[in-house]
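Subject: Structure handover

Hello,

Here is the structure for your files. My notes on it follow below.

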Amino acid sequence: MTDSARRVPQLDGIRGTAILLVIIWHFIVVPLKQGPHDSAISRIIAHLGVLTWSGVDLFFVLSGFLIGGILIAARESPNYFRTFYFRRAFRILPVYLLVVVSYLLVWSMAAGHQIFLRETLGVPMPRWVYFTFTQNFWLAHHAWDSVYLGLSWSLAVEEQFYLLLPAVIRIVPRQSLLPAAVILAISSALSRCFLYLHYGATWGTAAYTLISSRADALMLGVICAVLFRDPNWRAALTRNRWAINVSLALFGLGVAILTLQTLEHGNRAHVHSGIYLSRLVL
């Protein structure tokens, strides 16, 4: 099992776009939404940027595509699981553990003088949360304010995805992999909508952070990976480029409509559902 031997510029472009969207959301849109709208420009920027939070979904789709492709290509390998998990561990754990352990040590040594740390980087979650990659479960039932590495909930979702997907691709027959991925994606979207619409604020955060509610983006990437490796689908897309252009136009139209209709965080269930349906067009 090997990662791609060459970098794909187009995928790097998608990754860069996702990073830019996340930065805009957290450092521009969120402060504007939380602060007083004392100018027309700030209101316009806050409204136009209402969907930039979806950069994390773009990361999930890209991750599903790349990881799904690696696993599909190596599904018959005798060292399938061992090679995959060793590669993921060496790619993620060194930097992650450095960031987590360093801060936990600083926090412990600063006992009694932690006000500055609390106000700048936040209070650590329970240590077991960081080391078990269960930040998304913990944050689903706790306040996010002043929490260290609260945004690592998305990394936890990724790690849980890495834990589960290899078994799915190894066990499910190749001819059944596409319908299985579609069913999992639709089930995840329905789960999120159910939690948002039926339980409201009680389970709203859980619907946003739990893998059961965010797997649709990841599985959409897997669906793309399956289709990309099907010569018939690739030939059909090559022959019918107009279909791609029409899909992109419809997707853009859907995003524009959602931007106009959804301006508040509390309506995010409808945004998730709409974006999911727009993705299917692609």
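Which residues does I67 touch, not counting residues up to four places away in sequence? I67 touches F84, R88, F161, Y162 and L165, where contact means heavy atoms within 4.5 Å.

Before the rest, the conventions. This is a predicted model, in which local features need pLDDT of at least 70 and side-chain atom pairs count only at pLDDT 80 or more, while totals for chains, interfaces and linings use all residues. Residues are numbered from 1 along each chain as its sequence is written, and side-chain values use heavy atoms, with hydrogens and water left out.

Cores

I67 is also among the residues with the most contacts inside the largest nonpolar core, together with F161, L165 and M219; this core has 53 residues. A nonpolar core here is a set of buried Ala, Val, Leu, Ile, Met, Phe, Trp, Tyr and Cys residues joined through side-chain atoms within 4.5 Å. Buried means under 20% relative accessible area, exposed over 50%, and partly exposed in between (1.4 Å probe, protein chains only). The helices that each supply at least two residues of the core include α3 (55-73), α4 (80-109), α8 (153-171), α9 (174-199) and α11 (211-228). Helices are DSSP runs (H or I, at least four residues), numbered from the N terminus. The most is given by α11, with 10 residues. A second, separate core has six residues, including V29, V30, L51 and W53.

Packing of α3 and α11

The axes of these two helices, α3 and α11, come within 7 Å and cross at roughly 45°. Axes are lines fitted to C-alpha atoms, for helices over the stretch in contact, and angles run from 0 to 180 degrees between N-to-C directions. The pair α3 and α11 is therefore oblique (angles under 35 degrees count as roughly parallel, over 145 as roughly antiparallel, 65 to 115 as roughly perpendicular and the rest as oblique). Among the residues making the contact are F60, G64 and G68 of α3 and L218, G221 and A225 of α11.

Backbone in the loop between α7 and α8

Most residues other than glycine have a negative phi. S146 has a positive phi of about 55° although it is not a glycine, and this residue lies in the loop between α7 and α8. S146 counts as partly exposed because its relative accessibility is 45%. L149, found in the loop between α7 and α8, likewise has a positive phi, near 55°. With a relative accessible area of 27%, L149 is partly exposed.

Regards
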